[in-house]
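My entries follow the order in which I looked.

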Amino acid sequence: MSEKLVSEETEWNKVAEELDAEKIKLAFYDSTVISLLGNLKSKKVLDYGGGPGVLAIALKKLGADVKEYDISEDMLKQAAEKIGEENIYHSVEDIPQEEFDFIICNLVLCIVFENEVRRIVEKIKNSLHQGGFAFIGFCNPKLLNVPETNLDLRPTPTHKYEENHSYMKTKKEGMYEIIENHRPIEWYEQMYKEVGLTLEDTFFTPEYELKGRKIKDFIIFKLKR
Ligand SMILES: C[S@@+](CC[C@H](N)C(=O)[O-])C[C@H]1O[C@@H](n2cnc3c(N)ncnc32)[C@H](O)[C@@H]1O
């Protein structure tokens with residue numbers, strides 16, 4: 001197994017290559033998000049925490065005017081090579097207010113602390129124009145007690161589903177370890193409401209079966225400003 005452990009939100013640069021090569025995740029997650037967005041011609045889209053820019057370049061090829069912000073400069077460098085430096089925000093303060101039709105935030109909220117979750121969701125809300133949509137997604141919290149999926153290996157849970165807590169899991173693609181911050185779906189729903197985003201719909205990536213269990217890897221919330 002790889003020696004890599006990503007335990008801080010600023011350490012994702014350690015696995016930038018692995019993220020770039022996550023084929024199963026891409027096929028399931030990114031294609032599900034893209035199918036939810038509809039016609040992207042001339043739509044202003046921000047990928048918040050977009051990592052190496054894999055989704056951003058796919059959206060650009062579909063005609064969107066795509067920007068990316070990420071906390072990691074290494075990630076932004078890779079994203080800039082794909083979508084152009086002029087489309088990169090290096091600081092969260094540079095992201096304009098009331099600007100975007102869509103903001104995507106994939107696999108970010110589950111790796112940051114609770115106060116940062118709220119800060120990010122507030123920032124997303126303020127950066128959407130009135131009537132714009134956010135698509136916020138991450139690993140399905142309902143998988144807490146599922147030891148193996150196509151993507152992850154999880155330890156036996158030490159807390160209940162209802163309890164916010166952190167645990168370490170292994171990503172099978174790349175075989176590196178990450179800290180997952182588990183929060184029940186209802187916790188996120190409440191927080192979106194408090195921030196002032198309306199939950200329009202909740203989606204999951206396509207179901208498959210592994211070792212007798214039915215699995216949907218990712219949850220995606222569609223939220224309207
Ligand atoms: C699991 S990766 C997901 C990358 C990409 N969205 C994807 O779906 O492949 C998490 C990303 O979030 C970024 N990140 C972590 N904390 C962040 C924060 N507070 N604000 C913005 N980006 C953050 C990391 O640098 C990393 O690129």
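**Largest cavity**

I listed the lining of the largest cavity: Cys110, Phe138, Cys139, Pro141, Tyr167, Glu180, Asn181, His182, Arg183 and Tyr188. The model is predicted; local features need pLDDT of at least 70, side-chain atom pairs count only at pLDDT 80 or more, and totals for chains, interfaces and linings use all residues. Residues are numbered from 1 along each chain as its sequence is written, and side-chain values use heavy atoms, with hydrogens and water left out.

I noted the terms. On a 1 Å grid over the protein atoms alone, a cavity is a set of points where a 1.4 Å probe fits but cannot get out. A pocket is an open set with protein on both sides within 12 Å along at least five of seven lines. Lining residues have an atom within 4 Å of a point. Grid points are joined across faces, edges and corners, and a volume is the space filled by probe spheres set on the points.

I searched the whole structure and got 1 cavity of 30 Å³ or more. The largest cavity holds about 40 Å³ of space. Strand S6 (128–139) and strand S9 (176–182) each supply at least two residues of its lining. S9 gives the largest share, 3 residues. Helices (H or I, at least four residues) and strands (E, at least two) are DSSP runs, numbered from the N terminus. I sorted the cavity lining into 6 nonpolar, 2 polar and 2 charged residues. Here Ala, Val, Leu, Ile, Met, Phe, Trp, Tyr, Cys and Pro count as nonpolar, Asp, Glu, Lys and Arg as charged, and the others, Gly among them, as polar.

**Largest pocket**

I read a volume of about 580 Å³ for the largest pocket. Its lining has 35 residues; Gly49, Asn106, Leu107, Val108 and Ile111 lie nearest its centre. Helix H2 (23–37), S2, helix H3 (54–61), H5, strand S8 (165–171) and S9 each give two or more residues to that lining. The pocket lining divides into 19 nonpolar, 5 polar and 11 charged residues.

**Strand S5 and its partners**

Strand S2 (residues 44–48) pairs with S5 in the parallel sense over 3 bridges; two strands pair if DSSP finds at least two bridges between them. In that pairing I found Val45 opposite Phe102. S5 also runs parallel to S6, with 6 bridges. Ile103 has Ala134 in S6 as its bridge partner.

A polar atom of the Ser127 side chain lies 2.8 Å from the backbone oxygen of Lys123. In H3, I marked Val54, Leu55, Ala56 and Leu59 as buried. Gly63 follows H3 and has a positive phi, near 100°.

**The open sheet**

I traced 4 strands in an open sheet, in the order S1-S9-S8-S7, with mixed pairing. Strand S1 (5–6) and strand S7 (152–153) are the edge strands, each pairing on one side only. S7 and S8 pair in the antiparallel sense over 2 bridges. Asp152 stands opposite Lys171 in S8.

Technical notes. A polar contact is a pair of N or O atoms within 3.5 Å; within protein, one must be able to donate a hydrogen and the other to accept it, and residues adjacent in sequence count only if both atoms are side-chain atoms. Buried means under 20% relative accessible area, exposed over 50%, partly exposed in between (1.4 Å probe, protein chains only).
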